[in-house]
Amino acid sequence: MGLESMFGENIITTQINELVNWSRKYSLYPMPFGTACCAIEYMASVGSHYDISRFGAEVVRFSPRQSDLIIVAGTISHKLAPVLKNIYDQMLEPKWVISMGACASSGGFYDNYATVQGIDTIIPVDVYIPGCPPRPEAIIGAIIKIMEKINKDTVLRYESKEN
Amino acid sequence: MTENIEKIKTEIEIKLDEKFKGAGLLFWEDNGLEFIYTPAKFYYKVVEYLKNEFKFNLLTDLFGADYLNYPVPLPDNNRFEVIAQLYSTVANKKIFIKSYYPENEPETDSLTSLYPGANWFEREIFDMYGIKFKNHPNLKRILMYEGFAGHPLRKDYDIKKRQPIIGPEN
């Protein structure tokens with residue numbers, strides 16, 4: 001604090017983690033992987049009434065290479081599973097995954113020959129949203145959970161708990 | 001209008017009986033819907049005849065059924081059924097044609113030469129029940145992936161059986 005007063009009004013001091021995490025969490029680029037009614041509910045949360053742009057996550061990209069948050073919204077069949085895995089692999093680090101709704105999280109009531117029983121058998125999931133389909137408030141809640149998770153992240157790889 | 005329908009109905013029965021004498025066709029009506037039961041051998045010919053003679057120009061639906069362990073068995077202990085629903089835009093009339101097939105190598109003629117729309121329906125029946133269609137232009141799986149073993153809507157396909165392409169068996 002004493003240091004900042006010497007720099008004048010144009011410069012602030014902070015930690016690099018704080019700065020990077022701040023910019024990451026308020027500029028999430030979500031990619032919707034919508035296969036069922038959950039995707040419609042996700043559209044509602046992007047719309048003006050619920051408006052996830054209040055949390056900086058409104059720039060929806062339909063290319064995995066331009067996004068850092070994939071929202072898997074809907075039933076994933078075994079036929080589609082390799083596609084989802086491929087798209088997840090194409091996303092650049094850092095990346096996060098939201099499993100939206102009962103079907104994506106656990107297969108839901110589709111306990112049959114065709115449906116993947118939870119996408120966490122294929123890709124790692126950060127936040128699960130319960131509901132069939134979940135309300136837009138729940139989606140906003142999940143995005144805030146992702147933000148909290150980003151806040152605990154670190155830029156330096158050796159500091160990271162996972163590595 | 002009602003009189004017209006009655007007239008066409010009786011005409012169909014009479015003419016089909018005449019044309020396919022001794023084929024063992026069965027007719028009945030249920031809740032205002034009309035059904036024709038035909039052995040697999042005459043399935044294609046009956047549909048062709050109905051299309052040409054009675055202007056059933058629209059194939060509204062085509063699907064299969066498995067009667068394994070069903071309380072009321074099919075004729076001659078057959079197991080599978082293929083049900084075609086025809087509609088006539090000329091007479092405003094619907095009719096169901098049911099044909100039955102044995103457990104071993106169920107096979108019938110494709111309707112694609114009469115109704116091009118039968119293509120994907122028949123692929124689905126082949127995928128789900130394993131009933132083969134002769135003269136079909138492209139008979140391969142439509143819903144399940146390549147390498148899937150068995151036919152999932154058969155009653156003896158284990159409900160717990162999973163065949164994932166990737167990921168664990170779950």
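**View 1. The five-stranded open sheet of chain B.** In this predicted model, five strands of chain B make up an open sheet of mixed pairing, ordered β1-β2-β5-β4-β3; strands here are DSSP runs of E with at least two residues, helices are runs of H or I with at least four residues, both are numbered from the N terminus, and two strands count as paired if DSSP finds at least two bridges between them. Because β1 (26–30) and β3 (58–66) of chain B stand at the edges and have a single partner strand each, one side of each is left without a neighbour in the sheet. From one strand to the next the twist averages 20°, where axes are lines fitted to C-alpha atoms, for helices over the stretch in contact, and angles between N-to-C directions run from 0 to 180 degrees. The model is predicted, so to speak of its conventions: local features need pLDDT of at least 70 and side-chain atom pairs count only at pLDDT 80 or more, whereas totals for chains, interfaces and linings use all residues. Two residues lie between the strands in the hairpin of β1(B) and β2(B), where B:N31 takes a positive phi near 55°.

**View 2. Helices packed on the sheet of chain B.** Helix α2 (residues 40–54) of chain B packs on the sheet and touches β2 (33–39), β3, β4 and β5 of chain B, its direction making about 165° with that of β5(B); contact means heavy atoms within 4.5 Å. Helix α3 (residues 118–129) of chain B lies across β3 and β4 of chain B and runs at about 5° to β3(B). Chain B contains three helices and seven strands, which follow the pattern α-β-β-α-β-β-β-β-α-β along the sequence, and the C-alpha trace of chain B spans about 60 × 35 × 30 Å along its principal axes.

**View 3. The surroundings of B:R141.** B:R141 is found in the segment after β7 (132–134) of chain B. Although B:R141 and B:I125 are 16 residues apart along the chain, their C-alpha atoms are separated by 9.1 Å. With neighbours within four places in sequence left aside, the residues in contact with B:R141 are B:R123, B:F126, B:D127, B:F148, B:A149, B:G150 and B:H151.

**View 4. The interface of chain B and chain A.** Here 18 residues of chain B are in contact with eleven residues of chain A. The area buried between the two chains is about 1200 Å², of which carbon and sulfur atoms give 63%; buried area is the accessible area (1.4 Å probe) that two parts lose on being put together, summed over both. One salt bridge is counted between chain B and chain A, a salt bridge being a side-chain nitrogen of Lys or Arg within 4 Å of a carboxyl oxygen of Asp or Glu. B:R162 forms a salt bridge with A:D111, and the closest N and O atoms are 2.5 Å apart. On the side of chain B that touches chain A, the residues divide into 13 nonpolar, two polar and three charged, with Ala, Val, Leu, Ile, Met, Phe, Trp, Tyr, Cys and Pro counted as nonpolar, Asp, Glu, Lys and Arg as charged, and the others, Gly among them, as polar.

**View 5. The parallel sheet of chain A.** Four strands of chain A form an open sheet in the order β1-β2-β3-β4, with parallel pairing. Its edge strands are β1 (30–34) and β4 (127–129) of chain A, each of which pairs on one side only. Strand β2 (residues 69–73) and strand β3 (residues 96–100) of chain A pair over five bridges in the parallel sense, and A:V72 has A:S99 as its bridge partner in β3(A). Helix α6 (residues 136–151) of chain A lies across β2, β3 and β4 of chain A, running at about 155° to β3(A).

Notes
Residues numbered from 1 in each chain as written. Chains lettered and ligands numbered in written order. Heavy atoms only, no water.
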